[in-house]
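Here is a short note for a colleague opening this structure for the first time. Please read the points in order, with the model on screen.

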Amino acid sequence: MASVSFKNIAKVFDDGSRAVSDFNLEINDGELMVLVGPSGCGKSTLLRMLAGLEAVSEGELCIDDQSVNDLTPQQRNIAMVFQNYALYPHMTVRRNLEFPLRMMKRSKGEMGRRVAEVAQLLGLTSLLERRPKQLSGGQRQRVAMGRAMVREPRVFLLDEPLSNLDAKLRLQIRSEIATLQRRMQTTTLYVTHDQVEAMTLGDRVAVINRGRLQQVAAPQLLYERPANLFVAGFIGSPGMNVFRTALAEDENQRPALQWGEQRLPLNAQQITALAGCQGQPLFAGLRPEAIRHPDAGGVVTTISARVESVEALGHEFLVYFRAAVSALDTDRFYETGEDAARPAMVARLARRPQADAGDSIALGLVLDELCFFDARGMAIELPAGSGGNP
Amino acid sequence: MKRFWNVTTYLGLSLLALLFVAPIGLMLVGSLKPDARVLLEAGTLQAFLPDSVSLQNYSDVFQRVAFGRYLFNSFWISGWIVAAGLVVNSMAGYAFARLQWRGRDFIFMLVLMVMIVPLEAIAVPLFYQVTLFGWRDTYIVQILPFIANAFSIYLFHTFFLGLPRELEEAARIDGAGVWRSFVQIIVPNAKPAFASVAILTFLMQWGAFLWPLMVTSGPEVRPLPLGIAAFYTLPPLQWGDIFAFGVMMVAPVLVMFLLFQRWFVRGVAATGVKG
């Protein structure tokens, strides 16, 4: 077990492209940290740097306060599960599991005992004499996990370990990984592009975009209080509805938020937080579940919307709609700085709306859950105790 | 219509196959006939009919030349070239494919350039060199210059590039160094490449003629192709004996090919190289 710290880490490849910039992250002893971000954001590069498979261009990488920048992979005592498992095809499951122990020159007796333990733990006992190609995807995944666990490493690295599995198996193995990690209490760094995986697995989740850390927080905090527009759009499926707005006054001369011609009332904490934002560009965000049927709980105000489409998910309904304001494409905003309009906003409703595509309906907004962002897309902090971001 | 084309295609292919097999058939049948008839029937279909089978020509071969010696020499020379070549060229191919070192790509380009230089072009300077070393009429002079082989390096390089990089990375993380991951992880997964390189090298060396002719002078160290050439200079010219010698010379190659054919095909398919 060990703690890991990335200190001002950067990675510049030979061709001059920069995969990671000024990256700082502390992973506590025994913690399961998930690195999540879109494809090509640099998360796998970070993992490979920690594994010793890529050199660190700048900064310092430490395991237990010991710099590992110049250590070879074998000197770091870490274990890694690869996306394609990287099982040795010419060896049986038993030989695959034994391989790391063999490299450590462990005695035959100890190897046998460790392999038996791990095989028992992962349900591989009956498969020990098979070759990898005789195993199913899920079984191969388990062998890869087993090979990583068998040597009791200081840090566990998992690089998108579930992406080659079908949806049902992914769910099952995901919970197995969580259980195993809790039982073993080994510091774990888990890389994925799947934010559902990140949210369900991580003690904490680090969101990365274009080689930079965007936010690191517990999953729920990440969801409720995104640090910037990228996190707001990336975390959650569908992501947060973000719209351009400005502070205005309602008919009682109280500060309110523009929603086309309509004014959205603000609560006391929101008014305090936005006090300095008079006359400045402002973004506000609402999660799809904060847009409800008008008669649902928590609704503060009602807007009118035109339905674009309805997706029935069984237990809930996603309603894509247009309203007086248009939604912001947060990805594009981050890529180009443009305030590009996204086709539709989305609401997550508990009951099927009595409307079809093209119909107008009324929707209720739970305004206490609003998040606010400044013109650069950074979150505006709300005082503690309010519903949205602090 | 489809059937017609099928029949035509197969007919055409069969004729073509026959064309290729005919000389080998002629050799095999001729080797079993009395010497006198071989020349008499040449040019007629009779030449392909094994109507009187005798092993006389085979025993003549053993009496007229030191066939056993030639055979041993050929195996000894080709065997060493294949074995040492597999070790040297696979390591070189790996270094070019996977290891990071300064000048790698430039040197690899030089290696590829060597592929287009035929032996004939360097035979004379090479001859001077080995004469200087006092290596003429030895095995080593027939083995050493052919161990490192640009084409084999290229084949291994291509194959290693196709192996998932994660295998080596996993091995490194599991605690294996470069050498160990090459020997324990890469080599066992590159059997098809080893098989194709072994077969190609063996075939090439089995038929070597020019170089052994230049650097050897007696049957003690000469390989089979020089042995069969001796028949043309040993009167009387007996075609039956030559055919028998030819059959015995081709047989080991055929056996080797049949033994490794499965891997050979896989190796050629995997490296994308046509025989």
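1. Start with a pair of strands in chain A. Strand S7 (residues 155-159) of chain A and S8(A) run parallel and are joined by five bridges. One such bridge links Val155(A) to Thr187(A) in S8(A). Keep in mind that this is a predicted model.

2. Strand S3 (residues 32-36) of chain A pairs with S8(A) over five bridges, in the parallel sense. Here Leu35(A) is placed opposite Val191(A) of S8(A).

3. How many of the residues of strand S8 of chain A are buried? The strand spans residues 187-192, and six of its six residues are buried. Both faces are covered. One side carries Thr187(A), Leu189(A) and Val191(A).

4. Next, the nonpolar cores. The largest nonpolar core has 143 residues. Which residues have the most contacts inside it? They are Val34(A), Leu35(A), Leu157(A) and Leu189(A). A separate core has 12 residues, including Val38(B), Val61(B), Trp239(B) and Ala244(B).

5. Leu157(A) deserves a look of its own. Leaving out residues up to four places away in sequence, Leu157(A) touches Leu47(A), Leu50(A), Ala51(A), Ile78(A), Ala79(A), Met80(A) and Leu189(A).

6. The order is S2-S1-S4-S5 (chain A), and the pairing is antiparallel. Strand S2 (18-27) and strand S5 (66-67) of chain A are at the edges with a single partner strand each, so one side of each has no neighbour in the sheet. S5(A) is joined to strand S4 (residues 58-63) of chain A by two bridges, and the two run antiparallel. Within this pair, Ile63(A) stands opposite Gln66(A).

7. An open sheet of five strands is found in chain A as well. The order reads S16-S22-S17-S18-S21 (chain A), with antiparallel pairing. Why is one side of strand S16 and of strand S21 of chain A left without a neighbour in the sheet? Strand S16 (291-292) and strand S21 (345-349) stand at the edges, and each has a single partner strand. Inside the sheet, strand S17 (residues 301-312) and strand S18 (residues 317-322) of chain A form an antiparallel pair over six bridges. Glu311(A) has Leu318(A) in S18(A) as its bridge partner.

8. Now the domains. The domain assignment divides chain A into domain 1 (4-229) and domain 2 (231-373). Their C-alpha centres lie 38 Å apart. Between them, 12 residues of domain 1 of chain A are in contact with 15 residues of domain 2 of chain A. On the domain 1 side, helix H7 (195-201), strand S9 (204-209), strand S10 (212-217) and helix H8 (219-224) of chain A each give two or more residues. That side has seven nonpolar, five polar and no charged residues.

9. Turn to chain B. Its secondary structure has 14 helices and zero strands. Of its 275 residues, 32% are buried. The C-alpha atoms fill a box of roughly 70 × 70 × 30 Å along the principal axes. Among the contacts in chain B with a separation of 6 or more, 77% join residues 24 or more positions apart.

10. Helix H10 (residues 178-186) of chain B has the buried residues Ser181(B), Phe182(B), Ile185(B) and Ile186(B). Seen down the helix axis, these fall within an arc of 110 degrees, so they line one face of H10(B). They pack against helix H4 (67-97), helix H8 (150-162) and H9 of chain B. On the other side of H10(B), Trp179(B) and Val183(B) are exposed.

11. Last, the meeting of the chains. Contacts link 13 residues of chain B with 17 residues of chain A. Which helix gives the most to the side of chain B that touches chain A? Helix H9 (residues 165-173) of chain B does, with six residues. By class, that side of chain B has seven nonpolar, two polar and four charged residues.

Terms used
Residues are numbered from 1 along each chain as its sequence is written. Chains are lettered from A and ligands numbered from 1 in the order in which they are written. This is a predicted model: local features need pLDDT of at least 70, side-chain atom pairs count only at pLDDT 80 or more; totals for chains, interfaces and linings use all residues. Two residues are in contact if their C-beta atoms, placed from the backbone, lie within 7 Å. Helices (H or I, at least four residues) and strands (E, at least two) are DSSP runs, numbered from the N terminus. Ala, Val, Leu, Ile, Met, Phe, Trp, Tyr, Cys and Pro count as nonpolar, Asp, Glu, Lys and Arg as charged, and the others, Gly among them, as polar. Domain bounds come from an automatic or database domain assignment. A nonpolar core is a set of buried Ala, Val, Leu, Ile, Met, Phe, Trp, Tyr and Cys residues joined through C-beta atoms within 7 Å. A residue is buried if 20 or more other C-beta atoms lie within 10 Å of its own, exposed if 12 or fewer, and partly exposed in between; C-beta atoms are placed from the backbone. The arc is that of the directions from the helix axis to the C-beta atoms. Two strands pair if DSSP finds at least two bridges between them.
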